[in-house]
Amino acid sequence: EPQPMPIILFYFDFSSPCAYIAFHQLPQVLADLAWQIQYRPVRQTILCNQSDEAASHADAASIAAQQGLPFQWPARTTFQTEPWLHMALAADPYGQPGRQVCETLFHAIWQHGHDPDDWAVQQQAWQDATALLPSVRDVHDPQVRQEVMQESMRRLLAHEQAARAHGVHQLPCCTLLPADGGSDLPQNFLGLHDLPLLREAVCARQAFVTKV
């Protein structure tokens, strides 16, 4: 019988160019396989040593160029990431942002050379990300904004607690959850270099692969 569809948790911080690249590589790496993904925004400064990604940061522009992925360093490469994390978490009632929301926020930071700390840039990104999400509350109301911030902070802390429990110590990280009922530990695939290994693990989990 076919195995349950593998579930992948993608832990990331919008401040990471490698996360931006991995976000776009994942569908290609896992092409022709069955899989589910949950996007888990977390704070890199809380979970890991930022020096872990120093080398790959230096190569980010060339890697993106090789992938044909638009890339432009933001006007400010060190910026406050929490507003972006809160936007992603607030866009979904359960703190599980969809791919379209994450893509819009990633693009606002890594494709246009804007200043990610600029309030106007953040507001435009929020409007673009939620344009097709009528259930999202109007954050222009101060009371609603405060409630949304409190909710998204709780979700952020919950995601970070789960990441620690899964042994995540570097971002971005793809965590492949064990099959239902299995006693195996989650498998972590770090950065860009582990993505081929993630594909191998998902292949091994499935009973069959559809050839394209």
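## Helix H9 and its buried face

In this predicted model, helix H9, which spans residues 195-205, has as its buried residues Leu-195, Leu-198, Ala-201, Val-202 and Arg-205. When the helix is viewed down its axis, these buried residues fall within an arc of 110°, so they line one face of H9. On the other side of H9, by contrast, Glu-200 and Ala-204 are exposed.

The buried residues of H9 are covered by several elements, and these include strand E1 (7-12) and helix H1 (17-29). Strand E3 (173-176) and strand E4 (187-190) also belong to what covers the buried residues of H9.

## The four-stranded sheet

The strands E1, E3 and E4 return as members of an open sheet of four strands, whose order is E2-E1-E3-E4 and whose pairing is mixed. Strand E2 (36-41) and strand E4 stand at the edges, each with a single partner strand, so one side of each is left without a neighbour in the sheet. From one strand to the next, the twist of this sheet averages 20°.

Strands of a sheet pair through backbone hydrogen bonds, and the pairing may be parallel or antiparallel. For E3 and E4 the pairing is antiparallel and extends over four bridges, and Thr-175 stands opposite Asn-188 in E4.

## Helix H1 across the sheet

Helix H1, already named among the elements that cover the buried residues of H9, lies across E1, E2 and E3 and runs at about 160° to E1.

Gln-25 has its place in helix H1. Is Gln-25 buried or exposed? With a relative accessible area of 11%, which is under the 20% limit for a buried residue, Gln-25 counts as buried. Once residues up to four places away in sequence are set aside, Gln-25 touches Ile-63, Gln-67, Leu-192 and Leu-195.

Which residues is Glu-160 in contact with, leaving aside its neighbours within four places in sequence? The contacts of Glu-160 are with Val-42, Arg-43, Ile-46 and Leu-47.

Note on methods. Residues are numbered from 1 along each chain as its sequence is written. This is a predicted model: local features need pLDDT of at least 70, side-chain atom pairs count only at pLDDT 80 or more; totals for chains, interfaces and linings use all residues. Side-chain values use heavy atoms; hydrogens and water are left out. Buried means under 20% relative accessible area, exposed over 50%, partly exposed in between (1.4 Å probe, protein chains only). Helices (H or I, at least four residues) and strands (E, at least two) are DSSP runs, numbered from the N terminus. The arc is that of the directions from the helix axis to the C-beta atoms. Contact means heavy atoms within 4.5 Å. Two strands pair if DSSP finds at least two bridges between them. Axes are lines fitted to C-alpha atoms, for helices over the stretch in contact, and angles run from 0 to 180 degrees between N-to-C directions.
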